[in-house]
Amino acid sequence: MHNLLGVIGWSGSGKTTLLEVLVRQLAADGLRINVVKHSHHDVMLEPPHKDSARLRTAGAAQVMIASPFRVAVIRELRGEPEPTLAEQLALLGQADLTLVEGYKWEAIPKLEVQRPSLGHPALYPNDPHIVAVASDGPQPDDLPDNVTWLDLNAPAAVLAWLKDRINSPQA
């Protein structure tokens, strides 16, 4: 699963900021990057007065908005269970890498973004799927051998690690 990487961490740890830097540089290097962003909140994608929102609230199961610039499909769950990550990934087009922000309970390779100053416990000791930690704190002495420690304040180093991972057939 070297073309899939979860990015997890506590709220406010800098996941989105790091992802923005990584996606921008990988895309600039010519790679096709997909991102799945999980939210616990009700997501509002268009203003309520727009045609697409009006049709959705009128009862449409799905509304596709298409333009020369982008396409979006909005599906109302209307009480159905939230689709699994695997179901969501199946909807995406091909990519060199798919980054998943959230879904920390999933059994996928993950990068933990950690800021000890926030006072939250590290996640990597209890999650065998975490393959790396990007932190602004010092590397602990008891870091498992299978976890790479990265400097969150050196995004170029995180990017280099990620590029190596993308290019490694054993990742």
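These legends go with several close-up views of one predicted model. Local features are described where pLDDT is at least 70, and side-chain atom pairs where it is 80 or more, while totals for chains, interfaces and linings use all residues. Residues are numbered from 1 along each chain as its sequence is written, and side-chain values use heavy atoms, with hydrogens and water left out.

View 1. Let us start with Asn 34, which is found in strand E2, residues 33–37 (helices, H or I, of at least four residues and strands, E, of at least two are DSSP runs, numbered from the N terminus). Asn 34 counts as buried because its relative accessibility is 12% (buried means under 20% relative accessible area, exposed over 50% and partly exposed in between, with a 1.4 Å probe and protein chains only). A polar atom of the Asn 34 side chain lies 2.8 Å from the backbone oxygen of Gly 93. Leaving aside residues up to four places away in sequence, Asn 34 touches Leu 92, Gly 93, Gln 94, Ala 95, Leu 97, Thr 98 and Leu 99 (contact means heavy atoms within 4.5 Å).

View 2. In helix H2, residues 51–58, the buried residues are Ser 52, Ala 53 and Arg 56. Seen down the axis of H2, they fall within an arc of 95°, so they line one face of the helix (the arc is that of the directions from the helix axis to the C-beta atoms). The buried residues of H2 pack against strand E3 (62–66) and strand E4 (71–75). On the other side, Asp 51, Arg 54, Leu 55 and Ala 58 are exposed. Just after H2 comes Gly 59, with a positive phi of about 130°.

**View 3. The second largest pocket.** This pocket holds about 370 Å³ of space (on a 1 Å grid over the protein atoms alone, a pocket is an open set of points with protein on both sides within 12 Å along at least five of seven lines, and lining residues have an atom within 4 Å of a point). Of its 15 lining residues, Gly 9, Lys 15, His 38, His 40 and Gly 102 are the closest to its centre.

View 4. How many cavities of 30 Å³ or more does a search of the whole structure find? The search finds 1 (a cavity is a set of grid points where a 1.4 Å probe fits but cannot get out). The largest cavity is lined by Trp 10, Ser 13, Val 113, Gln 114, Arg 115, Leu 118 and His 120.

Notes
Polar contact = N/O pair within 3.5 Å; in protein donor to acceptor, adjacent residues only side chain to side chain. Points joined across faces, edges and corners; volume = space filled by probe spheres on them.
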